[in-house]
Amino acid sequence: GFSKVFVARRKKNSNDIAALKIIDKQTIQRLAFRQPTLLSELKIEISVLSRLNHPNVVKLRGHGEDISSYFRFFEYEMETKELFDIAYQFKKQSKVLSDEFIKSALAQVLNGLQ
């Protein structure tokens, strides 16, 4: 991937926690040769995420850039688990997700896409 995500404090000595996504500009420039629309897609992503307000979608709280990276600050919920991580844990334990869980998760994903 061309980005990394970290848990970060927005200000020193603050309890304001955010998920910080750092996108490497040098990697984007290399990939842009094969995918010329990549940079414009990143700008569109900011535009869309800035307007998006849905309970099932993580909110963009800010963005910026410096000489080497683009930054995205997202809300961070300590209790939130990624669907992939939940499914992976079940697979590791040789368990099967219940139909009810799958229906609920799929409904939330579809609701977030509306």
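**Exercise 1. Is Ala8 buried or exposed, and what does Ala8 touch?**

Step 1: Check the accessibility. Ala8 has a relative accessibility of 17%. Buried means under 20% relative accessible area, exposed over 50%, and partly exposed in between (1.4 Å probe, protein chains only). So Ala8 counts as buried.

A quick word on the ground rules: this is a predicted model, where local features need pLDDT of at least 70, side-chain atom pairs count only at pLDDT 80 or more, and totals for chains, interfaces and linings use all residues. Residues are numbered from 1 along each chain as its sequence is written, and side-chain values use heavy atoms, with hydrogens and water left out.

Step 2: Ala8 sits in strand E1 (residues 3-9). Helices (H or I, at least four residues) and strands (E, at least two) are DSSP runs, numbered from the N terminus.

Step 3: List the partners. Contact means heavy atoms within 4.5 Å. Setting aside neighbours within four places in sequence, Ala8 is in contact with Asp16, Ile17, Ala18 and Leu20.

**Exercise 2. Which partners does the side chain of Lys25 reach?**

Step 1: Find Lys25. You'll spot Lys25 in helix H1 (residues 25-32). With a relative accessible area of 14%, Lys25 is buried.

Step 2: Look at the polar atoms. A polar contact is a pair of N or O atoms within 3.5 Å; within protein, one must be able to donate a hydrogen and the other to accept it, and residues adjacent in sequence count only if both atoms are side-chain atoms. The Lys25 side chain makes one with the side chain of Glu65, at 2.6 Å. The side chain of Lys25 also gets to the backbone oxygen of Asp66, at 2.7 Å.

Step 3: Widen the view. Leaving out residues up to four places away in sequence, Lys25 touches Glu65, Asp66, Ile67, Ser68, Ser69 and Tyr70.

**Exercise 3. How do H1 and H2 pack?**

Step 1: Take the geometry. H1 and helix H2 (residues 38-51) pack at about 125°, and their axes are 9 Å apart. Axes are lines fitted to C-alpha atoms, for helices over the stretch in contact, and angles run from 0 to 180 degrees between N-to-C directions.

Step 2: Name the arrangement. Angles under 35 degrees count as roughly parallel, over 145 as roughly antiparallel, 65 to 115 as roughly perpendicular and the rest as oblique. So H1 is oblique to H2.

Step 3: See who's involved. H1 brings Ile28, Leu31 and Ala32, while H2 brings Leu38, Leu39 and Leu42.
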